[in-house]
Amino acid sequence: MKVTAAITAVGKYLPPDVLSNADFEKLFDTTDEWIKTRTGISERRILKDPTKATSFMMAEAARRVLEQRKINASEIDVIIACTVTPDMMFPATACLVQNEIGAKNAFGFDLSAACSGFLFGLSTGAQFIEAGRYKKVLVIGGDKMSAIIDYTDRTTSILFGDGAGAVLLEPTTDGTGVLDHILHTDGSGKDFLYQKGGGSLHPASVETVNAKWHNIYQDGKTVFKSAVTGMADVSAAIMEKNGLTSDDIAYLIPHQANLRIIDATANRMGIDSNKVIINIGMYGNTTAATIPLALADAIEQKRIKRGDNLIFAAFGAGYTWGAAWVKWGYNT
Ligand code: UT7
């Protein structure tokens, strides 16, 4: 029987400090009401400790996976760290996580696909398992967005928070696991969501700092329109490709960028809102962490059972977007 990659454990980490809509009301001209109605967000978590960064949150999420699965870090074969806020340009954040958790037999690398990072990492990790080369792959999505936010930009700063979520992939032949994925890139989206400075084109200088090129820039309206179309289209496409109807889907677990984008995707798939996992209200957009965080929350709430068909869907900078079909392997 065909070998697929089952998700056998899920872990999350959220920093303790809360940044609420009321806090933004003190920073610039905005209201709790505007933020809630335009985005669905009430508060986000922020990693305030300046000595800690993305690798810390990823390692915490990974430790929870190891505890849950009752395995030692030395059993991990591969670590895929999905992030656009690495601790440093290099070495890869995956190396820092590997060292921090003591995964001495693992190799690791970073994967940069912004808000679609976890989805791209999940697909990559699943293929390592399907190929039969590796038995335990950690896929971690994490971002410390607060490190690159311009807190004077009222349109973008209100959207993002910090966090990390991790899953363990292991081989199974019982028909569950990551059963399909569709991924897309369209680099013509590069002008609408980016962090311009700090790379080899615009290395850090007084000019790049003064121009705020080390902060995230987003043309919200343009990205919003592309995200609605992209996420809805790819979610419908993965259902159609696999002959799945809305009745077959137990839950949509979407990237949490804006509640209105999530609603549009669910509408297009023809699924009720009670079948959509939504936690954007508490965490905002944590970029690569949103899907594993939403999955972890659904598991904590014991909403998912063996055999459930889950659709993961995301859209982000690049542009990058995609969807995955996961048949769940255990009762939560
Ligand atoms: O995860 C990666 C992908 N990212 C996304 O999918 C996010 C995409 N974008 C969005 O979520 C939305 O576009 C935003 C939430 C960023 C903005 O919502 P919008 O409905 O597109 O608003 P808008 O940009 O068209 O702005 C409407 C008005 C503007 O005022 P005027 O020009 O009409 O006078 C803005 O200046 O709202 C104003 N505005 C605000 N007002 C109060 C923008 N930000 C704020 C704010 N508080 N924080």
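Which residues of α11 are buried? I will come to the answer in a moment, after a word on the model itself. This is a predicted model, in which local features need pLDDT of at least 70 and side-chain atom pairs count only at pLDDT 80 or more, while totals for chains, interfaces and linings use all residues. Residues are numbered from 1 along each chain as its sequence is written, and side-chain values use heavy atoms, with hydrogens and water left out.

Now to the helix. The buried residues of α11 are Thr290, Ile291, Pro292, Leu293, Ala294, Leu295, Ala296, Asp297, Ala298 and Ile299, where buried means under 20% relative accessible area, exposed means over 50%, and partly exposed is in between, with a 1.4 Å probe and protein chains only. Helix α11, residues 290-300, is thus mostly covered, with 10 of its 11 residues buried; helices here are DSSP runs of H or I with at least four residues, strands are runs of E with at least two, and both are numbered from the N terminus. The buried residues of α11 pack against β1 (4-13), α5 (117-130), β7 (162-172), β11, α10 (280-283) and β12. Just after α11, Lys302 takes a positive phi of about 55°.

Let me turn to the domains. The domain assignment gives domain 1 (4-175) and domain 2 (179-327), with bounds that come from an automatic or database domain assignment. The centres of domain 1 and domain 2, taken over C-alpha atoms, are separated by 14 Å, and 49 residues of domain 1 are in contact with 50 residues of domain 2, contact meaning heavy atoms within 4.5 Å.

Leaving aside neighbours within four places in sequence, Ile311 is in contact with Ile238, Leu244, Ile249, Tyr251, Leu252, Ile253, Met269, Ala324 and Trp325.

Not counting residues up to four places away in sequence, Ser235 touches Thr265, Met269, Ala313 and Ala323.

What surrounds the ligand, and which residues are closest? There are 23 residues around the ligand, the closest being Thr30, Arg38, Lys221, Asn258 and Asn285, where a residue is near a molecule if one of its heavy atoms lies within 4 Å of it. A nitrogen atom of the ligand is 2.6 Å from an N or O atom in the side chain of Thr30, an oxygen atom of the ligand is 2.6 Å from an N or O atom in the side chain of Arg38, and a polar side-chain atom of Lys221 lies 2.6 Å from an oxygen atom of the ligand. Taken alone the ligand exposes 950 Å², of which the protein buries 76%, with areas from the Shrake-Rupley method and a 1.4 Å probe. The elements that give two or more residues to the shell around the ligand are α2 (32-39), α6 (154-157), α8 and α9, and the largest share of that shell, 5 residues, comes from α8.

Let me finish with some backbone details. The peptide bond from Phe90 to Pro91 is cis, with omega near 5°, and Pro91 is found in the loop between β4 (78-82) and α4 (93-101). The peptide bond from Gly318 to Tyr319 is also cis, with omega near -5°, and Tyr319 is found in the loop between β12 and β13. Lys70, in the loop between α3 (54-69) and β4, has a positive phi of about 55° although it is not a glycine, and Lys70 is exposed, with a relative accessible area of 72%.

Methods: A polar contact is a pair of N or O atoms within 3.5 Å; within protein, one must be able to donate a hydrogen and the other to accept it, and residues adjacent in sequence count only if both atoms are side-chain atoms.
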